[in-house]
Amino acid sequence: MTVITRHSEFYLEDGSITLQIEDVLYKLHISLLRKFSVVFKDMFSMPPSSSQPNHHEGMSDESPVKLGLPFTVKKMDYLLWWFMCRYSSNLPPLEGLVSILELGMFLQIDVARSFAIQALSTDSLNLSPAWQLSLALRFRISDWIELAFKALVVTPAHRLSLEDASFLGLTIMHIIHSTQSEIRHLRLVLAYNPLKMDKHNVLCKRPALGCQASWEAAWWDGFARHYLHPDHPCTPLEALAKFESANIAGVTTACRLQAVEFIRDQFLTGNMVYWRRD
């Protein structure tokens with residue numbers, strides 16, 4: 001037989017509502033719960049049912065308001081810590097902040113949810129991108145989704161751990177790997193297919209096809225090997241800058257600079273979005 005016990009800290013003798021979570025009783029101030037939580041405000045404003053007009057749930061240990069999932073004793077303790085100590089400089093551990101976030105969202109306590117999100121965003125916690133994306137999707141933290149997804153996409157597949165996969169789940173991991181595969185394909189296409197010198201400088205005395213042929217011959221050493229470097233790959237603009245400063249035999253300086261400037265402008269104006277890695 002389960003023994004119901006009073007909480008050692010959060011059973012307040014002057015409390016006005018009794019809650020039961022698992023096998024623990026809480027006695028709290030109903031005014032405080034109503035003030036912060038839309039859900040509690042609605043719940044405790046409901047009149048007694050017509051079948052039990054004299055029954056007042058939550059008014060005694062014998063008839064507490066029973067709260068099931070997602071409530072657990074540990075999660076509720078963290079939420080009540082927030083009620084009592086939210087102005088403290090000491091933060092609860094990661095588990096506690098996630099509990100405050102979860103119950104804050106469930107109970108529609110916006111200030112608790114905001115508190116948890118701000119605390120989870122601190123540099124000291126150093127949440128991994130997998131953790132960030134998992135929490136963002138679970139608790140609708142829209143500001144985190146794009147940044148976390150981008151960080152995961154540029155993380156080499158072999159550096160994504162089994163723990164990361166467990167946080168994210170099969171569907172999200174599939175989306176990440178599919179995106180990485182598409183990016184790898186586009187990078188290879190760009191590296192092995194030199195961009196054309198669409199803008200041949202009018203002052204160049206060499207035939208346009210001559211400059212283009214020399215440009216294509218130098219593309220691999222000047223651009224692609226920096227772009228695809230296995231340990232320190234450059235962004236497209238970084239690789240292009242190296243190519244810009246190179247002395248390309250058979251391409252006049254005017255043509256080289258004009259072509260590089262044209263490609264850079266195309267990238268910056270969004271006409272070559274597949275170059276973007278950040």
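Q: OK, where does glutamine 180 sit?
A: Glutamine 180 is in helix H8, which covers residues 162-192. Keep in mind that this is a predicted model.

Q: Is glutamine 180 buried or exposed?
A: Buried: its relative accessibility is 4%, and the cut-off for buried is under 20%.

Q: So what does the side chain of glutamine 180 reach at 3.1 Å?
A: That's the backbone oxygen of valine 153. There is also the backbone oxygen of leucine 152, which lies 3.2 Å from a polar atom of the glutamine 180 side chain.

Q: Which residues does glutamine 180 touch, not counting those up to four places away in sequence?
A: Leu152, Val153, Thr155, Ala157 and Leu160.

Q: Let me zoom out. How many helices and strands are there in the protein?
A: There are 11 helices and four strands. The protein has 278 residues, and buried ones make up 40% of them.

Q: And what share of the contacts with a separation of 6 or more comes from residues 24 or more positions apart?
A: Those account for 54% of them.

Q: Now the inside. Which residues touch the most other members in the largest nonpolar core?
A: Leu19, Tyr26, Leu28 and Met76, out of 41 residues in that core. Two or more residues each come from strands S2 (17-21), S3 (24-28) and S4, and from helices H1 (30-36), H3 (73-85), H4, H5 (110-120) and H6.

Q: Which element gives the largest share of this core?
A: H3, with seven residues. As a general point, nonpolar side chains tend to be buried together in soluble globular proteins.

Q: What's leucine 28 in contact with, leaving aside neighbours within four places in sequence?
A: Phe10, Leu12, Gly15, Ser16, Ile17, Leu19, Leu33, Met76 and Leu80. Leu19 and Met76 were also on the list of residues that touch the most other core members.

Q: What lies apart from that core?
A: Another core, of 20 residues, including Leu190, Phe223, Leu240 and Ala259.

Q: How far does H11 reach from its first C-alpha to its last?
A: It reaches 22 Å over its 16 residues, 253-268, and that is close to the 22 Å expected at 1.5 Å a residue.

Q: Changing topic: how many salt bridges does the count come to?
A: Six. One joins the side chains of arginine 6 and aspartate 61, at 2.9 Å from N to O.

Q: Which parts of the chain does that pair link?
A: Distant ones: arginine 6 is in strand S1 (residues 5-11), while aspartate 61 is in the loop between helix H2 (38-43) and strand S4 (65-67), and they are 55 residues apart. Arginine 6 is partly exposed, at 47% relative accessible area, and aspartate 61 is partly exposed too, at 22%.

Q: Which residues are linked in a network of salt bridges?
A: Arg6, Glu13 and Asp61.

Q: What about glutamate 102 and arginine 138, how do their side chains meet?
A: In a salt bridge, 3.5 Å from N to O. Glutamate 102 is in helix H4 (residues 94-106) and arginine 138 in helix H6 (residues 129-139), so the pair ties together parts that are 36 residues apart in sequence.

Q: Is glutamate 102 buried or exposed?
A: Buried, with a relative accessible area of 13%. Arginine 138 counts as partly exposed, at 47% relative accessibility.

Q: Which residues is glutamate 102 in contact with, neighbours within four places aside?
A: Pro70, Lys75, Arg138 and Phe139.

Q: Last pair: where do glutamate 146 and lysine 150 lie?
A: Both are in helix H7 (residues 142-153), four residues apart, about one turn of the helix. Glutamate 146 counts as exposed at 52% relative accessibility, whereas lysine 150 is partly exposed, with a relative accessible area of 38%.

Technical notes: Residues numbered from 1 in each chain as written. Predicted model: local features only at pLDDT ≥ 70, side-chain atom pairs only at ≥ 80, totals over all residues. Heavy atoms only, no water. Salt bridge = Lys/Arg side-chain N within 4 Å of Asp/Glu carboxyl O. Buried < 20%, exposed > 50% of the residue type's maximum accessible area, 1.4 Å probe, protein only. Expected span 1.5 Å × (residues − 1). Polar contact = N/O pair within 3.5 Å; in protein donor to acceptor, adjacent residues only side chain to side chain. Contact = heavy atoms within 4.5 Å. Core = buried A, V, L, I, M, F, W, Y, C linked by side-chain atoms within 4.5 Å.
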